[in-house]
Amino acid sequence: MDITDVRAQNVKKILDALRFQDGLTKREIAAQTGLSFSTVSPTCNELRAKGILRESKLSGVSVGRLPGSFSFQRDRFAVCCVDLQNVKRITIAVMDLGGRLLNRCELTDTTPDTSTVQRVNQAAQWFHEYSASEEGSSLHFIRVCIAVTGIYDIRTGMLLPNPINPDPCPLLEIAQTAFQLPCLIDSGSNFCAMAIKQRWPQDDDFIYLHLSESVNAGIYCQGALLRGHSQHAVRVAYMPLRGMVAGQPPLADCPQTEFCLQGMLANLPKEVQGNSLSERWARACEQIREKPALYQNYLDDKANLLATLLTILVDLFDPSEVYLGGKSVDLFDLLLPRVEQYLKLSCPLARESGLELVHDEDFAHTFYTGMAHAAYSEWRPLAEPGLEG
């Protein structure tokens with residue numbers, strides 16, 4: 001490790017100490033970080049000169065020079081979060097480094113064959129308009145985070161062919177050209193898992209299962225986000241749940257087919273009308289809650305398939321918690337008793353050892369928080385141009 005890496009680590013330790021608490025002196029920062037005062041003092045001064053830290057003089061000191069307390073100007077720095085996981089909708093959010101949602105919008109795409117490149121450019125156009133506005137021009141954007149379906153190859157920056165995106169795409173190059181910023185690309189479930197790890201850093205083994213218009217899992221195993229040898233680990237979307245059945249297509253009865261919103265609606269005993277998938281699903285949930293007995297077979301079947309998926313993941317990774325987020329688990333309270341009944345039979349040891357199933361009701365906030373945290377983790381503030389006090 002060279003001196004540049006050591007310096008970057010020291011900066012991150014100082015910012016970590018100040019990220020969610022204000023008003024620490026240099027000596028307090030040194031005590032919290034384990035760094036020497038001779039390291040903390042010039043680094044804080046440099047971060048202050050860059051406009052990253054703010055210094056306030058402490059009052060009430062009667063002898064000697066007034067010490068200063070430092071705060072991280074987290075509301076000055078922002079992350080653009082782009083969700084490309086939905087077929088006809090692009091969602092964009094702006095988060096500051098304090099975890100506040102500053103802006104959010106949805107861009108509707110009525111053209112069914114819009115390419116990934118076009119969708120990225122559409123999101124980038126909104127971003128450039130926003131960053132030039134009165135609200136956005138006061139922010140320094142450190143990264144753009146993009147959530148995608150399918151398999152994204154971190155090593156090459158390519159979005160690989162899959163049933164939703166049939167053509168390979170140099171997504172990282174396209175995104176960084178369009179946004180003119182460093183970009184991070186990952187699955188929505190991995191971003192959600194990063195948020196959980198930030199929120200509860202002591203949790204080393206857990207699974208975040210995201211079920212909405214796309215389906216995937218983010219897994220922390222022994223404290224690290226699981227990616228595997230080829231960086232393509234945890235591809236649960238097209239894993240068969242009922243086994244391969246003769247005469248059926250290979251992707252029948254897989255999590256993506258069964259638990260995406262379209263699949264949740266397709267399996268209903270009666271069709272529900274609406275202008276969008278989300279609207280139809282909201283109406284379906286209302287009908288199911290009004291008369292759950294009429295949907296008993298539907299709920300039992302979905303619970304059985306969900307328990308099958310959970311059994312596979314729990315047996316493989318032995319998590320302490322499984323988080324379920326996304327619109328498809330809006331009926332979590334109705335599914336949970338059935339799922340737990342199946343899990344008691346399929347993996348009794350895990351249930352006896354305290355495995356928890358947690359419904360993430362505010363999954364959108366978790367999603368954006370994970371993106372902001374991922375961007376912050378990659379940020380090297382003193383190495384980036386354009387920062388000034």
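Let us begin with a single side chain: Phe 141 has a relative accessibility of 8%, so it counts as buried, the cut-off being under 20%. Please keep in mind throughout that this is a predicted model.

**Rings that meet**

How are the rings of Phe 127 and Phe 141 placed? A search of the whole structure finds 12 aromatic pairs. In the pair of Phe 127 and Phe 141, the ring centres are 4.9 Å apart and the planes stand at 85°, so the pair is edge-to-face.

Now look at Phe 206, which is buried at 0% relative accessibility, and at Tyr 323, which is buried with a relative accessible area of 6%. Their ring centres lie 5.9 Å apart with the planes at 85°, so this pair is edge-to-face. Here too, distant parts of the chain are linked: Phe 206 sits in strand 11 (residues 206-211) and Tyr 323 in strand 14 (residues 321-325), 117 residues apart.

**Charges over rings**

Some rings have a charged side chain over the face. Lys 12 takes this position at Tyr 376, 4.6 Å from the ring centre. Arg 27 lies over the face of Phe 37, at 4.2 Å from the ring centre.

**Spaces inside the model**

How many cavities of 30 Å³ or more does a search of the whole structure find? The search gives 2.

| Space | Volume | Lining by class |
|---|---|---|
| Second largest pocket | about 280 Å³ | 5 nonpolar, 6 polar, 7 charged |
| Largest cavity | about 230 Å³ | 9 nonpolar, 6 polar, 3 charged |
| Second largest cavity | about 30 Å³ | 6 nonpolar, no polar, no charged |

Start with the second largest pocket, at about 280 Å³. Of its 18 lining residues, Asp 83, Arg 89, Lys 327, Phe 363 and Ala 364 are the closest to the centre. Strand 5 (89-96), strand 6 (101-108) and helix 13 (363-378) are the elements that give two or more residues to this lining. Helix 13 gives the most, with 4 residues.

The largest cavity is lined by 18 residues. Which of them lie nearest its centre? They are Gly 150, Asp 186, Ser 187, Asn 190 and Ala 233. At least two lining residues come from each of strand 10 (183-186) and strand 12 (215-221).

The second largest cavity, at about 30 Å³, has a lining made up of Leu 306, Phe 332, Leu 335, Leu 336, Val 339 and Leu 357. Which element gives the most to this lining? Helix 11 (residues 332-346) does, with 4 residues. By class, the lining of the second largest cavity has 6 nonpolar residues, with no polar and no charged ones.

Terms used
Residues are numbered from 1 along each chain as its sequence is written. This is a predicted model: local features need pLDDT of at least 70, side-chain atom pairs count only at pLDDT 80 or more; totals for chains, interfaces and linings use all residues. Side-chain values use heavy atoms; hydrogens and water are left out. On a 1 Å grid over the protein atoms alone, a cavity is a set of points where a 1.4 Å probe fits but cannot get out, and a pocket is an open set with protein on both sides within 12 Å along at least five of seven lines; lining residues have an atom within 4 Å of a point. Grid points are joined across faces, edges and corners, and a volume is the space filled by probe spheres set on the points. Ala, Val, Leu, Ile, Met, Phe, Trp, Tyr, Cys and Pro count as nonpolar, Asp, Glu, Lys and Arg as charged, and the others, Gly among them, as polar. Rings of Phe, Tyr and Trp (its six-membered ring) pair if their centres lie within 6.5 Å; planes under 30 degrees apart count as stacked, over 60 as edge-to-face and the rest as tilted. Buried means under 20% relative accessible area, exposed over 50%, partly exposed in between (1.4 Å probe, protein chains only). A charge sits over a ring if NZ of Lys or CZ of Arg is within 6 Å of the ring centre and within 35 degrees of the ring normal.
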